[in-house]
Amino acid sequence: MLLITLCSLIAVFILAFAGLRLIAPAIIRTRHKIKAPGIDRMEMVEIGGIKQALYIRGQNADNPIILWVHGGPGNSMMPLLHLYQYAWENDFTVVNWDQRNVGKTYFANDPAAVLQTMRAERVLEDVHEVTAYLQQQFNKKKIILAGHSWGAVLGTMAVQTYPEDYSAYIGISQVVKMADNERVGYEKTLEVAKAAGNQKDIKALEAVAPYPPSDYGPNYMADLMTVRTYQSKYGLSVNMGLGDVIRILATPYYSFNELKNSFLFNQLHVFHDQGDVMPFLMEKADIRNYGADYQVPVYYIMGANDYNSPYLLAKSFFDEIAAPDKQIFSIPDADHMPFLSNKAEFDRILLEEIAPKLANRS
């Protein structure tokens, strides 16, 4: 009877998973189908000498374009976009891009060969080439760049290096200097663990001290994963439960094989595929090096509970910025992915506070 019960449970799980992957994506696609004059286009484009994946969606191709520069490094937003993006598509054409050695781009090339090219300077040039492609395809002089986490570092580098290409910059979970983020986030996590009196957690966190390490050595990623684990436990990072994972598995935009290789399910492997980009982010990245004078409007959207990208660090730099327009938003009850953890307030800020200012800037 025990064997029969076990086999039955396995069979139910397999059937449920098959249904989730076969039925749910079709339902989502049908429910959110875009009709003319809109655009719904998944394509591979030659960028930086390799094929790179772009997914372009919007209800009107004449709307302003947002280029979404994802974080990680290696954390594509493409498999999650059905959880947050559709509300934006009346106002914007949104372009999701799988960066070098990420997601669909990873599978379109030889990953080992691309790994040899993984440098921050090369990915910055990729942003420039993707931007030029979108300008040409949609006959736009300028586009909006939205960067999340690592993408907010890369996005800042892009708008400060090529300001003539952009009508505005939106920094989501903005990183200023990653080493400072890690230090402040670690101290807050240890403080919360001590306040809770969880000796096991305190011991595990103290074991990685001093954190972050002074250089990107062999134990850096293991220590980082330890800190992220406890940040998630105490609501200071990305907080995803089983329901969230199930909803991600229902994505119509990634195959199961692509999902298995994604940041969501295989972080250490994805970090390895980012080559020199990871050490650059953890050791060297500091957007102050690109100055505080911006030629484009700057908007920061931060999660109040986010200690991957602490609000006060971003606010300190934001106060130094000189720009044609600027505004910073702190979303309550939101973590490192505020567009998921407090979607309603994020959408309100983007569509009611920011969008009206950008309507005539493309």
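A residue is counted as buried when its relative accessible area is under 20%. By this criterion, 53% of the 362 residues of the chain are buried in the predicted model. The accessible surface of the chain amounts to about 15,400 Å², and carbon and sulfur atoms contribute 55% of that area.

The chain comprises 16 helices and 8 strands. Its radius of gyration is 21 Å, close to the 21 Å given by the globule rule for 362 residues, so the chain is as compact as a globular protein of that length. Along the principal axes, the C-alpha atoms occupy a box of roughly 65 × 45 × 40 Å. Among contacts in the chain with a separation of 6 or more, 75% are made by residues 24 or more positions apart.

Helix α6, formed by residues 150-161, illustrates an interior element. The helix has 12 residues and extends 17 Å from its first C-alpha to its last, close to the 16 Å expected at 1.5 Å a residue. Of these 12 residues, 11 are buried, so α6 is largely enclosed by the rest of the structure. The buried set consists of Trp150, Gly151, Ala152, Val153, Leu154, Gly155, Thr156, Met157, Ala158, Val159 and Gln160. The packing partners of these residues include the strands β3 (65-69), β5 (143-148) and β6 (166-172), together with the helices α5 (120-138) and α13 (277-284).

Aromatic side chains form 13 pairs in the structure. Tyr300 and Phe318 are both buried. The ring of Phe318 is also involved in an arrangement with a charged side chain, as Lys326 lies over its face at 4.8 Å from the ring centre. Elsewhere, Tyr84 and Trp88 belong to one aromatic cluster with Trp68, Phe339 and Phe346.

Several backbone features occur in loops. The peptide bond joining Ala36 and Pro37 is cis, with omega about 10°; Pro37 is situated in the loop between α2 (24-31) and β1 (39-47). A cis peptide bond is also present from Ala209 to Pro210, where omega is near -5°. Pro210 lies in the loop between α8 (199-206) and α9 (220-233).

Positive phi values in residues other than glycine are found at Ser173, with phi near 55°, and at Asp333, with phi near 55°. Ser173 is placed in the loop between β6 and α7 (178-196), whereas Asp333 is in the loop between β8 (326-331) and α15 (338-341). In terms of accessibility, Ser173 is buried, with a relative accessible area of 0%, while Asp333 counts as exposed at 62% relative accessibility.

Notes: Residues numbered from 1 in each chain as written. Predicted model: local features only at pLDDT ≥ 70, side-chain atom pairs only at ≥ 80, totals over all residues. Heavy atoms only, no water. Phe/Tyr/Trp six-rings, centres within 6.5 Å; stacked < 30°, edge-to-face > 60°. Buried < 20%, exposed > 50% of the residue type's maximum accessible area, 1.4 Å probe, protein only. Lys NZ or Arg CZ within 6 Å of the ring centre and 35° of its normal. Helix = DSSP H or I, 4+ residues; strand = E, 2+ residues; numbered from the N terminus. Rg over C-alpha atoms; globule rule 2.2 N^0.38 Å. Contact = heavy atoms within 4.5 Å. Areas by Shrake-Rupley, 256 points an atom, 1.4 Å probe, with all protein chains shown as cover. Expected span 1.5 Å × (residues − 1).
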